[in-house]
Amino acid sequence: MPTTETKTDLDQLCINTIRTLTIDAIQKANSGHPGLPLGMAPTAYVLWTKFLRHNPKNPHWFNRDRFVLSGGHGSMLIYSLLHLTGYESVSMDEIKQFRQYGSSTPGHPENHLTAGVEVTTGPLGAGTSNAVGLAIAEKHLAARYNKDDAKIVDNHVYAIVSDGDLQEGISGEASSLAGHLKLGNLTFLYDDNSITIDGSTELSFTENVLQRYEAYGWHTQIVNDGNNLEEIENAIIEAQKVTDKPSIIAVKTIIGFGLPKQGTSKAHSDAPGVDAVKEMKRNLGWDENAEFYVPDEVYAKYREAIPNGEKLENEWNELLKTYTEKYGEDFSNLINKNFPENWESFLPSFEGTEAKATRAYSGEVINAIADTIPNLIGGSADLTPSNNTTIKNSTDFEPNNYAGRNMHYGIREHAMGGIMNGIALYGGLIPFGGTFMTFSDYCRPAIRLASLSAAQTIFVFTHDSIGLGEDGPTHQSVEHLAALRAIPHLFVLRPADGPEVSEAWAIAINRKTAPTVLALSRQKVALIDRTKYSSAKGTQKGGYILAEASNNEPKVILIGTGSEIGLTLQAKDVLESDGIPTRVVSMPCTELFDEQSAKYRDSVLPNNVKTLAVEAGVSFGWHKYADDCVAVDKFGASAPAEVVFKEYGFTVENVVAKAKALL
């Protein structure tokens, strides 16, 4: 049996169990990052046994506290905690399968794989923005639904953050906004070990982090000894007393505590080797030959979380029952995303509308459904009037008004994306946020993580092409549609008119476990006579026959998206007058079209008919569907939109010539 001669108290035994499970799993996998878990084990132990309100038997209990491991490379810390406290998602067998195919213990935590993991982290800084989003969601729902006699939403967000997290720009963006918003329900526990992969932080990171956070408007503290449990506990207590500021506690730790190379960059990552593992265990007073060992008294201590959590949830369920009886089911419907059965009937039909930009139609959709879908919370990265993302019958989300449904993210696109992911993963809410399509580049890491995390985040990207005009190539999107379409599990919808915009929003809202991008025009788009052409309901299939050939046997097919659909319809008329039966296909979402049956896809785009794609973006990706393209395979130019379109070949004459050339 293992011995603990040098460390005999139960607290230390519990802490060292995290450390030994971590090192055994990493050594068995021959890869991983032991530095953070070994150094932060005492802090995590105090947090999870004395403060964190959770129920291991129901990881999805709504009023649980949220824990984010922003330094996701230290994933064995959260896997150890989940296993020890009794989460079924992380058995000892899963610990032993750390970083192996098909396990629930991947190299970085993934919320969709492992119950108990709130958000997917790994790219440094992402978790900080997610934590801010979780805190915003709690504040918002509490302000909207809590009553004097029933605090139905009342939980805290804790995040362990690393030096690397706090060097990434997204953490600065998110932390600045959190300070402005006075999010007193948010606490960062900063693993202040002064080491990164390259070596000491003296190489590149010498600022005073806590002074920076004071400037952001945060409450700051230092724990001088990361192994001093009393000091850690007192700091968290003090942080909880501050309700009008987020808190950051810098915990001075030793990276890779216990390893022969503790305190150096060599302890950050990689399996240390069998001899180093044995030496570490000896340093901790542990049997050097014991592997994956958990003393009975350690299990008993950690698994107090099970009856404690069940008691907390049962009390909350009783409160929810009383609340619902007194105040109705609005709250329960919201957190479960139970939309009214007839909600889509509130979508505008846009019959008799005037020609507008699709961003304008989008704004009308938002306001038509905002009351019916109270889950929506919108915003923009300081482009609200341009993105048309205001919920007009609501107010701004600000420190004195957390019930407001209009977020002002400031010029912080990356943080906006990460914060929206946190809001979405909190549960119940559906965040949408806008910026110009070109600045989706700033959001891209968050969009990718939204897709990986199955987060229902809606990205409203306007000014989606060279149609932006005079602002020129720095702001004109060219490659962005193709780049976004390359992200797995992401729908990119580029609607052509008002009815397609309504359908696009329906798709995004009904897609409860995945993100959506809406690509919207700055300029007005052509009116499509839906009495003459097909219904926009075809949007639900990603691509559909908008206008059939005159004889129902097309010799050529024109595929269009968004603002170019009007051009394809004009070109069809000319081709038909020249005796060439022409079909026009609207393709607002290639990803959704690809999900349809082969029979349907072949009925829309038969292989034996020549096809020309027309889209004001790069041609990349279109040759999967078309024989040739009218596209933009170079940067745009500064000029009025109509001039740029003409110079770049988006004319009836050029489309007709290209189509004829295929024949």
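Lining the largest cavity are W48, L52, H54, P59, R64, D65, F67, I78, L82, Y87, G116 and E118. A word on the ground rules: this is a predicted model, in which local features need pLDDT of at least 70 and side-chain atom pairs count only at pLDDT 80 or more, while totals for chains, interfaces and linings use all residues. Residues are numbered from 1 along each chain as its sequence is written, and side-chain values use heavy atoms, with hydrogens and water left out.

So what counts as a cavity here? On a 1 Å grid over the protein atoms alone, a cavity is a set of points where a 1.4 Å probe fits but cannot get out, and lining residues have an atom within 4 Å of a point. The structure holds 3 cavities of 30 Å³ or more. The largest cavity contains about 90 Å³ of space, where a volume is the space filled by probe spheres set on the grid points, themselves joined across faces, edges and corners. Sorted by class, its lining comes to 7 nonpolar, 2 polar and 3 charged residues. In this scheme Ala, Val, Leu, Ile, Met, Phe, Trp, Tyr, Cys and Pro are nonpolar, Asp, Glu, Lys and Arg are charged, and the others, Gly among them, are polar.

Next comes R66, which sits in strand β1 (residues 66-69). Helices (H or I, at least four residues) and strands (E, at least two) are DSSP runs, numbered from the N terminus. R66 is buried and yet has no salt bridge. Buried means under 20% relative accessible area, exposed means over 50%, and partly exposed is in between (1.4 Å probe, protein chains only). A salt bridge needs a side-chain nitrogen of Lys or Arg within 4 Å of a carboxyl oxygen of Asp or Glu. For R66, the nearest side chain of opposite charge is E118, at 4.2 Å; Lys and Arg count as positive and Asp and Glu as negative, with His and the chain ends not counted. The R66 side chain does reach the backbone oxygen of F62, at 2.6 Å.

Across the whole structure, a search turns up 24 salt bridges. One of them pairs D149 with K326, at 2.7 Å from N to O. D149 is in the loop between α5 (126-145) and β2 (157-162) and K326 is in helix α12 (residues 305-327), so this pair ties together parts that are 177 residues apart in sequence. D149 is partly exposed, with a relative accessible area of 45%, whereas K326, at 54%, counts as exposed.

Another salt bridge joins E615 and R485, whose closest N and O atoms are 2.8 Å apart. This pair, too, links distant parts of the chain: E615 is in the loop between β17 (610-614) and β18 (628-630), and R485 is in helix α18 (residues 480-485), 130 residues apart. Both E615 and R485 are buried.

The side chains of E500 and R530 also form a salt bridge, at 3.7 Å from N to O. With E500 in helix α19 (residues 498-510) and R530 in the loop between β13 (516-519) and β14 (544-547), the pair ties together parts that are 30 residues apart in sequence. E500 is buried, with a relative accessible area of 0%, and R530 counts as buried at 18%.

F350 has a phi near 60°, a positive value in a residue other than glycine. F350 belongs to the loop between α13 (330-335) and α14 (358-369), and at 10% relative accessibility F350 counts as buried. N552 also has a positive phi without being glycine, with a value near 65°. N552 is found in the loop between β14 and β15 (556-560), and counts as exposed at 54% relative accessibility.

F650, in the loop between α23 (641-647) and α24, has 8% relative accessibility and counts as buried. F650 and A450 are 200 residues apart in sequence and 34 Å apart in space, C-alpha to C-alpha. V656 lies within helix α24 (residues 652-662) and is buried at 7% relative accessibility. Between the C-alpha atoms of V656 and E364, which are 292 residues apart along the chain, the separation is 34 Å.

Key. On a 1 Å grid over the protein atoms alone, a cavity is a set of points where a 1.4 Å probe fits but cannot get out, and a pocket is an open set with protein on both sides within 12 Å along at least five of seven lines; lining residues have an atom within 4 Å of a point. A polar contact is a pair of N or O atoms within 3.5 Å; within protein, one must be able to donate a hydrogen and the other to accept it, and residues adjacent in sequence count only if both atoms are side-chain atoms.
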